Amino acid sequence: MALVEYSSDEKTVAVVTMNSGENRLNPAFIKTYLDVLDQVERETTASTLVVSSSHEKIFSNGLDLEWLRPVFQNREINVISDFFYLMNRLYKRILLYPMITVAAVNGHAFAAGAILTCAFDFRFMRSDRGYFCLPEIDLGMPFLPGMLALLKKAIPMYLLEELQYTGKRLTAAECEKHHIITRACPVETLMDEAMAFAKSLNKQRGIIREMKSRMYHEIVQALDNQDGSYIESAKYVY
């Protein structure tokens, strides 16, 4: 089974499934994800993208710390730099994707995995299990500029301050209350509701691309200009 794969539905919706266990972000996973997004854009006529996970209770648990920890400990600066720019490529690719994007969050979305959901246009989340959480305060990992920009896009500032400084876990119902997600759904109907919503949004790629490029200009700048923040972050981690 591929780390990430896609299928098409009735020509207007493409469904991408993450199959890498907890879907932690590492170079191999991100590169496969980017390749699949390229394939969807090139090979389908879809106007909407729905992304979910094959894991029964996890959407994405964030950075692959088992891979990243020794890289930080050994101060492999070039590897660290390349990785965080690669990760920002994925965030930016989803943010500016020339289709309306919907995250069907079928389980936990933690740390960089929670930030990943913020790059999508809309988020649906299962209501019976799974948390949205930013535990970086406890991991000793300050957010990079691009991460903060994405979080501010999806989370109201009054709540983002609380989540950042406490590491509080939010349920789907709480996320819906604060408009982080569009809808909280029972897991049995999550994909059906996300797909029905996606099928109702058959918009042209050209206008979607242009609207996103204008709306998210400042977020893109933050993602492109990290100014070595990833290196500075290492001293807080190890």
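**Close-up 1. An aromatic cluster built from W67, F72, F83 and F84**. These four residues form one cluster in this predicted model. Rings of Phe, Tyr and Trp (its six-membered ring) pair if their centres lie within 6.5 Å; planes under 30 degrees apart are stacked, over 60 edge-to-face, and the rest tilted. By this rule there are six aromatic pairs. The ring centres of F83 and F84 are 5.2 Å apart and the planes stand at 70°, so this pair is edge-to-face. F83 and F84 are both buried (under 20% relative accessible area, with a 1.4 Å probe and protein chains only; exposed is over 50%, partly exposed in between).

**Close-up 2. The tilted pair F124 and F197**. Their centres lie 5.2 Å apart, with 50° between the planes. F124 sits in strand β7 (residues 122-126) and F197 in helix α9 (residues 187-199), 73 residues apart. Helices (H or I, at least four residues) and strands (E, at least two) are DSSP runs, numbered from the N terminus. Both F124 and F197 are buried.

**Close-up 3. Helix α3, residues 77-95**. The helix has 19 residues and reaches 27 Å from first C-alpha to last. That is close to the expected 27 Å (1.5 Å times one less than the number of residues). Its buried residues include I80, L86, Y91 and L95.

**Close-up 4. C175 in helix α8, residues 172-177**. C175 has a relative accessible area of 0%, so it is buried. Leaving out residues up to four places away in sequence, C175 touches M125, F132, L170, I180 and I181 (contact: heavy atoms within 4.5 Å). The C-alpha atoms of C175 and F132 are 7.7 Å apart.

**Notes.** Residues are numbered from 1 along each chain as its sequence is written. Local features need pLDDT of at least 70, side-chain atom pairs count only at pLDDT 80 or more, totals for chains, interfaces and linings use all residues, and side-chain values use heavy atoms, without hydrogens and water.
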